[in-house]
Amino acid sequence: YPGSSHFFFDLGNHNLLGFFDFPGHQHPPFTEAIGGVQHLAISVSAEQFAAAKRRFDQAGIEYLGPDRGVEDSLYFRDPNGVGLELYREELGRFLGEPLLG
């Protein structure tokens with residue numbers, strides 16, 4: 001998104017916490033959910049991504065994902081309503097670029 005900044009913090013053990021800002025973007029109103037986060041992203045391999053998508057389709061679980069305009073992400077909600085993302089990318093990379101030096 002034009003003008004967006006991404007901030008990643010190393011939590012150790014190859015885990016990162018990322019914050020994104022989207023200046024001027026009109027986000028939909030925030031809906032409070034358990035955990036109070038917008039979503040958590042989990043890096044998965046291409047094989048894990050495909051398997052998860054197949055299982056979601058078989059179980060009839062709703063998601064926003066690669067067949068719906070988002071290439072490398074599959075967004076869904078856990079049973080408590082917390083937003084989760086399966087991100088088809090090697091851990092420690094974002095859009096193909098390394099996050100840690």
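Which residue just after H1 takes a positive phi? Gly60 does, at about 70°. The model is a predicted one, in which local features need pLDDT of at least 70, side-chain atom pairs count only at pLDDT 80 or more, and totals for chains, interfaces and linings use all residues. Residues are numbered from 1 along each chain as its sequence is written, and side-chain values use heavy atoms, with hydrogens and water left out.

The protein chain contains 1 helix and 7 strands; here helices (H or I, at least four residues) and strands (E, at least two) are DSSP runs numbered from the N terminus. Read from the N terminus on, the order of elements is β-β-β-α-β-β-β-β. Of the 101 residues in the chain, 19% count as buried, where buried means under 20% relative accessible area, exposed means over 50%, and partly exposed lies in between (1.4 Å probe, protein chains only). A contact means heavy atoms within 4.5 Å. Among contacts in the protein chain with a separation of 6 or more, 35% are between residues 24 or more positions apart.

Two strands pair if DSSP finds at least two bridges between them. Gly12 has Asn15 in E2 as its bridge partner. The hairpin has 2 residues between the strands, and Asn13 takes a positive phi near 55° there.

Helix H1 covers residues 46-59, 14 residues in total, and reaches 20 Å from its first C-alpha to its last. That is close to the 20 Å expected at 1.5 Å a residue, the expected span being 1.5 Å times one less than the number of residues. Phe49, Ala52, Lys53 and Phe56 are the buried residues of H1. Seen down the axis, they fall within an arc of 100°, so they line one face of the helix; the arc is that of the directions from the helix axis to the C-beta atoms. An α-helix has 3.6 residues a turn, so residues three or four places apart point the same way. The buried residues of H1 pack against strands E3 (40-44), E4 (73-77) and E5 (83-88). On the face turned away from the buried side, H1 carries the exposed residues Glu47, Arg55 and Gln58.

Asp72 is found in the loop between H1 and E4. With a relative accessible area of 32%, Asp72 is partly exposed. Its C-alpha atom is separated by 5.1 Å from that of Arg88, 16 residues apart along the chain. Not counting residues up to four places away in sequence, Asp72 touches Phe49, Leu86, Tyr87 and Arg88.

Ser73 is found in strand E4 and counts as buried, at 6% relative accessibility. A polar contact of 2.5 Å joins its side chain to that of Glu85. Such a contact is a pair of N or O atoms within 3.5 Å; within protein, one must be able to donate a hydrogen and the other to accept it, and residues adjacent in sequence count only if both atoms are side-chain atoms. Leaving aside neighbours within four places in sequence, the residues in contact with Ser73 include Phe49, Leu86 and Tyr87.
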